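Open the structure in your viewer and keep the selection tool ready. This tour goes stop by stop: what to select, then what is there.

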Amino acid sequence: MEVKNEKLVRFSSTGKRKLAPTALNSNSKCKIINSLKFDDRKPWRKHILDPGSEIVLNWNRVFIVTCLMALFIDPLYFYLPSIGRKDGSWCSKTDLKLRIVVTFFRTIADIFYLLHVFIKFRTAYVAPSSRVFGRGELVMDPDKISRRYIRSDFFIDLVATLPLPQIVIWFIIPELRNHRTNQNNNALALIVLFQYIPRLYLIFPLSSQIIKATGVVTKTAWAGAAYNLVLYMLASHVLGAAWYVLSIDRYLSCLKSACKKEEIPTKCLHEYLNCGFSETGQYSTWINTTNVFKSCDPNEDITFKFGIFENAVAKQVVSSSFVRKYFYCLWWGLQNLSSYGQNLSTSTFIEETSFAILIAILGLVLFAHLIGNMQTYLQSLTMRLEEWRLKRRDTEEWMRHRQLPEDLRTRVRRFVQYKWLATRGVNEEAILNGLPADLSRDIQRHLCLDLVRRVPFFSQMDDQLLDAICERLVSSLSTEGTYIVREGDPITEMLFVIRGRLESSTTNGGRTGFFNSITLRPGDFCGEELLAWALLPKSALNFPSSTRTVVALGEVEAFALRAEDLKFVANQFRRLHSKKLQHTFRFYSHHWRTWAACFIQAAWRRYKRRKMARDLARIESYAEEGTTVAPSTVKSDLGVAILASRFATNTRRGIQKIKDVGLSKLPKPEEPDFSVEPDD
């Protein structure tokens, strides 16, 4: 046979086709002749992303962390200016090492912002006209996506992405080195603030997108509380950095004001206050005779008012190392933000009072919002516990109001405590009912299948029937002393024991002298009368009566099949082999076991009576026989015969009385109809 080329088209889970040419020889062996690939995939630059896809969600989570880091990095620019010491005097300078480190991390953050802009150009959006029902229709046209993005958020993203602080500190400020140092600091602060506002704004729509896709920003309550705490600490970090740069500006203003007034013995120039100023003879003379620095020392008696910036100058925060001044400024921001600026003692300087007013407003808003959210997240951890405590308190008040006896109160408390330990206050049935049928069925199968297979009565069933049973099982919890059902009461559910022990007893309808008791352990079931009722072709409206009393010997966990659910499952039992299921049901049914034991006992008693009757008849016939015996034994045999005759007569009378009265026998259990219904 010649080799034939056959192309097998296979479709992957993504819907793309794959062509695998194969060849079959005479021995039916498959050989790969060649491999043809149809690469119809688009370049990655032209891919359009689904806003609800896992890739976009993961990127949003990564980008929101990047935004928080960028918001932390930007205020570090405020720590670049500082006060240094030169020839025993103070001067302004810029921290070069800190400038390099901050620029490096700021550039990395800018790259993430640039990637975010590119991703938004390639992320589809839901058409507003299609939101009438369901999620809506995605717009996948790149041109429409670009036009919509440019009209909406592109400008804000562009402003947040531009490396403006790097340009200012590396190119603009070095070109403007002169006596206007405080103007340079103010320009840097304005540039950082100009970009900080749009970067802070980006967090809110980003959080909104994550909430729309997943429901929450963080997956756990602890993470949500930590997220709000980080935002509050970030506000304190920004406030402390702003206080530091304003303290530098205020101190330099004091120095320049004193320098402007100093004319003798040597005139003070503003260039002298810059650490990068080249020394001259006039500068050396001025250093030895100036009083400018004493005029701005808050520890001396001076007329200049530093206001809320006095601690930064008096404690030499403006001239400390970066680590020391950062932690002090962070503490200052956190302290005043938490106290709404109540401890601030301001001067009449307008910028200072405006800054104090801003602190009070921000403190009030942030404390109410962020700390309020944090408290909500932490309370959600103990919400179930608090609900249980309230329910328990209401139960105690109700029992006290109704004056229940102490034994009933103890049983109620034991059940409430046991239910809390077993379910933690979660209504599992309500959760499963709110899920799709297929998902709910799979969850029920996962939770119940292994436990159901422990029941020997179900071990003979196929997976289809087990799925039907698992789908309709409901959990049942019982504490010690709880009566599941009493003899003579209608049965509403069939119970399958998973953990714990139950006592099942019967008196055969109140028969005097009759009592049978057994213990049900994990794997046993009770309420089999309901199964016989459910298997009837036309079940009566009234539920069958229980032939046994079932009480819990301890804490019991079980699964229950309600009457209406059992009716459905019972109809499926007919698919099994009738004799196999019938034998299994009889073997594991305690009702049938009790009847079998009573039947065997009754048969044994009948056998003993028949044997005794035969023995007595033989003795009586022996007494009535007129056999000839020796004269020496006539007297003794005659006495034995008389006694035997009397005993036999009395025995017949007793048996006759028993026959006349009639023994009340234990009725045979109702036989469930396991026969296979004929096809109509």
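**Stop 1**

A disulfide here is a pair of cysteine sulfur atoms within 2.5 Å. In general, a disulfide is a covalent bond between the sulfur atoms of two cysteines. Both Cys 254 and Cys 296 are buried. Buried means under 20% relative accessible area, exposed over 50%, and partly exposed in between, with a 1.4 Å probe and protein chains only.

Before moving on, note that this is a predicted model: local features need pLDDT of at least 70, side-chain atom pairs count only at pLDDT 80 or more, and totals for chains, interfaces and linings use all residues. Residues are numbered from 1 along each chain as its sequence is written, and side-chain values use heavy atoms, with hydrogens and water left out.

**Stop 1: the other disulfide**

How many disulfides does a search of the whole structure find? Two. Select Cys 259 and Cys 268, which form a disulfide with sulfur atoms 1.8 Å apart. This link is left-handed, with -105 degrees about the S-S bond. Cys 259 is buried, at a relative accessible area of 0%. Cys 268 is buried too, at 5%.

**Stop 2: helix α7**

Select residues 221–261. This is helix α7, with 41 residues. Helices (H or I, at least four residues) and strands (E, at least two) are DSSP runs, numbered from the N terminus. From first C-alpha to last, α7 reaches 60 Å, close to the 60 Å expected at 1.5 Å a residue. The expected span is 1.5 Å times one less than the number of residues. Is α7 enclosed or open, and how many of its residues are buried? The count is 29 of the 41, so α7 is largely enclosed by the rest of the structure.

**Stop 3: an open sheet**

Now colour the four strands in the order β8-β15-β10-β13: they form an open sheet with antiparallel pairing. Strands pair if DSSP finds at least two bridges between them. The edge strands, β8 (474–478) and β13 (525–526), each pair on one side only. Select β10 (residues 493–499): two bridges join it to β13. Phe 496 has Phe 525 in β13 as its bridge partner.
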